[in-house]
Each structure stands twice: as C-alpha cells, then as structure tokens.
Amino acid sequence: PTRRSSDLSLSENVNVRILNGPAIYATNERNEDTVKITRKEVRINSNPFEFVFEPHSLTALEMKKVDN
C-alpha cells in the first residue's frame, strides 16, 4: 500500500545518499571517481516536505518513523 508522508510522523533528520556523475552516460571505466556516492543529512521543516533531486541521479532518502 502507498502511504503519503503527511500520514506519518517522521524524525526531523533525513539521511540522503546520492549516486551521480557529470552526465547521464558517465561511467567509472577510465576514472574511478567519475560516478560516486555522496552522503548528507537534511532537515525536514514541514510535513509534507519538498526535496530537489539532482539531475541524472539515483537518490535514497532514509527517514525514520517517530511513534506518537
């Protein structure tokens, strides 16, 4: 089943992992640092919240549910 973020109580901090490179067809065949994973933590200021995804990336948002 699908749940909307507005139906949940979420922690304020979100762990973000982004797999990205300089172009959609970028590879690590010639340079192992061309496509890489970056990590950051963002803060949720509202629910529902907005997140801007980087172009040509694969992004994982790890949120923790808070029990009320």
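Leaving aside residues up to four places away in sequence, Ser11 touches Ile44, Lys64 and Val66, with contact meaning heavy atoms within 4.5 Å. This is a predicted model, so local features need pLDDT of at least 70 and side-chain atom pairs pLDDT 80 or more, while totals for chains, interfaces and linings use all residues. Numbering runs from 1 along each chain as its sequence is written, and side-chain values use heavy atoms, with hydrogens and water left out.

Ser11 sits in the segment before β1 (13-20); strands here are DSSP E runs of at least two residues, numbered from the N terminus. A polar atom of the Ser11 side chain lies 3.2 Å from the backbone oxygen of Asn13.

Now follow β1 itself. Buried means under 20% relative accessible area, exposed over 50%, and partly exposed in between (1.4 Å probe, protein chains only). β1 pairs antiparallel with β2 (residues 36-43) over eight bridges, and Asn13 has Arg43 as its partner there. Five bridges also join β1 to β3 (residues 58-62), again antiparallel, with Arg17 opposite Ala60. Pairing takes at least two DSSP bridges.

What makes up the largest nonpolar core? Six residues: Leu10, Val14, Val16, Ile18, Ile44 and Phe51. Such a core is a set of buried Ala, Val, Leu, Ile, Met, Phe, Trp, Tyr and Cys residues joined through side-chain atoms within 4.5 Å. In soluble globular proteins, nonpolar side chains tend to be buried together. Phe53, by contrast, is partly exposed, at 48% relative accessible area.

Terms used:
Helices (H or I, at least four residues) and strands (E, at least two) are DSSP runs, numbered from the N terminus. A polar contact is a pair of N or O atoms within 3.5 Å; within protein, one must be able to donate a hydrogen and the other to accept it, and residues adjacent in sequence count only if both atoms are side-chain atoms.
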